[in-house]
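Subject: Structure handover

Hello,

Here is the structure I promised to pass on. Please open it first, then read the notes below.

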Amino acid sequence: MKKKIVVGITGASGAPYAKRLLSWLDERARTRDDVEVGVCLSATAPVVWKLECGGDLRESLPFPSWGMRDYGAPFASGSAGWHAMVVVPCSMGTAARIAHGISDTLLTRAADVMLKERRSLIVVPRETPLSAIHLENLAALARTGALILPAMPAFYGRPTTLEQAIDTVVARIIDHLGFDHDLVKRWGERTETGEPR
């Protein structure tokens, strides 16, 4: 059975994380055919994507996408049985709306569905510094069952390129989606020189 994943992309800085995740999921779908992906966007996601990744976001997507008010999308209802959702990157405005049940777009409705159905919702905030309001909203999401996975690259694997640093975050997202991967070396694995990580 294919795992059905929703990817929500907002206008927070961090579009390269979404781009890399979609690229990995696309390869997974083509080589193993065990994942189905739907994409929904916030109003400002295309603007930030163009600044950070270049090109037109909608033309870059390897998967079907739905408009902000397209509540006919399959993942807009819990009965459709989608398994998980990742909001990457997640703006603080989107986090606030999800935390308070404001389903004013398809993206926030899809996230609300995941929470009410007790399915996996992974929120990848990309903001700094965080105000008390931001922290309270993220804490509220965590209490309702969302996984808060900040876009904080790890450096113990000694990434030498921006792409490798991005992969340290994307790898953790993929872990929590339940897929195997070899994007990064894991803690405790030995380096090429035999040193422990």
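Start at one pairing in the sheet: Met85 has Leu121 of β5 as its bridge partner. Strands here are DSSP runs (E, at least two residues), helices are DSSP runs too (H or I, at least four residues), and both are numbered from the N terminus.

A word on the source. This is a predicted model, in which local features need pLDDT of at least 70, side-chain atom pairs count only at pLDDT 80 or more, and totals for chains, interfaces and linings use all residues. Residues are numbered from 1 along each chain as its sequence is written, and side-chain values use heavy atoms, with hydrogens and water left out.

The sheet

Six strands make up an open sheet. Their order is β3-β2-β1-β4-β5-β6, and the pairing is parallel. Two strands count as paired if DSSP finds at least two bridges between them. The edges are β3 (65-66) and β6 (147-148), each of which pairs on one side only.

Helix α5 (residues 106-116) packs on this sheet. It touches β1, β2, β3, β4 and β5, where contact means heavy atoms within 4.5 Å. The direction of α5 makes about 135° with that of β4. Axes are lines fitted to C-alpha atoms, for helices over the stretch in contact, and angles run from 0 to 180 degrees between N-to-C directions.

Now the individual pairs. Strand β1 (residues 3-9) is joined to strand β2 (residues 35-41) by seven bridges, and the two run parallel. β1 also pairs with β4 in the parallel sense, over four bridges. Gly8 has a bridge partner in each neighbour: Cys40 in β2 and Val87 in β4. β4 in turn pairs with strand β5 (residues 120-125), parallel again, over five bridges.

How many residues of strand β4 are buried? Seven of the seven, residues 84-90, so β4 is largely enclosed by the rest of the structure. Buried means under 20% relative accessible area, exposed over 50%, and partly exposed in between (1.4 Å probe, protein chains only).

A helix pair

Helix α1 (residues 15-32) packs against helix α7 (residues 162-177). The angle is about 55°, and the axes are 10 Å apart. That makes α1 oblique to α7. Angles under 35 degrees count as roughly parallel, over 145 as roughly antiparallel, 65 to 115 as roughly perpendicular, and the rest as oblique.

α1 contributes Pro16, Tyr17, Arg20, Leu21 and Trp24 to the contact. α7 contributes Ile166, Asp167, Val169, Val170, Ile173 and Ile174. These residues divide into nine nonpolar, no polar and two charged. In this scheme Ala, Val, Leu, Ile, Met, Phe, Trp, Tyr, Cys and Pro are nonpolar, Asp, Glu, Lys and Arg are charged, and the others, Gly among them, are polar.

Backbone exceptions

Most residues other than glycine have a negative phi, and most peptide bonds are trans. Here are some exceptions.

- Val88 and Pro89 are joined by a cis peptide bond, with omega about -15°. Pro89 is in strand β4.
- Thr128 and Pro129 are also joined by a cis peptide bond, with omega about -10°. Pro129 lies in the loop between β5 and α6 (132-143).
- Asp33, not a glycine, has a positive phi of about 55°. It lies in the loop between α1 and β2. At 47% relative accessibility, Asp33 counts as partly exposed.
- Arg118, not a glycine either, has a positive phi of about 60°. It lies in the loop between α5 and β5. At 72% relative accessibility, Arg118 counts as exposed.

Best wishes
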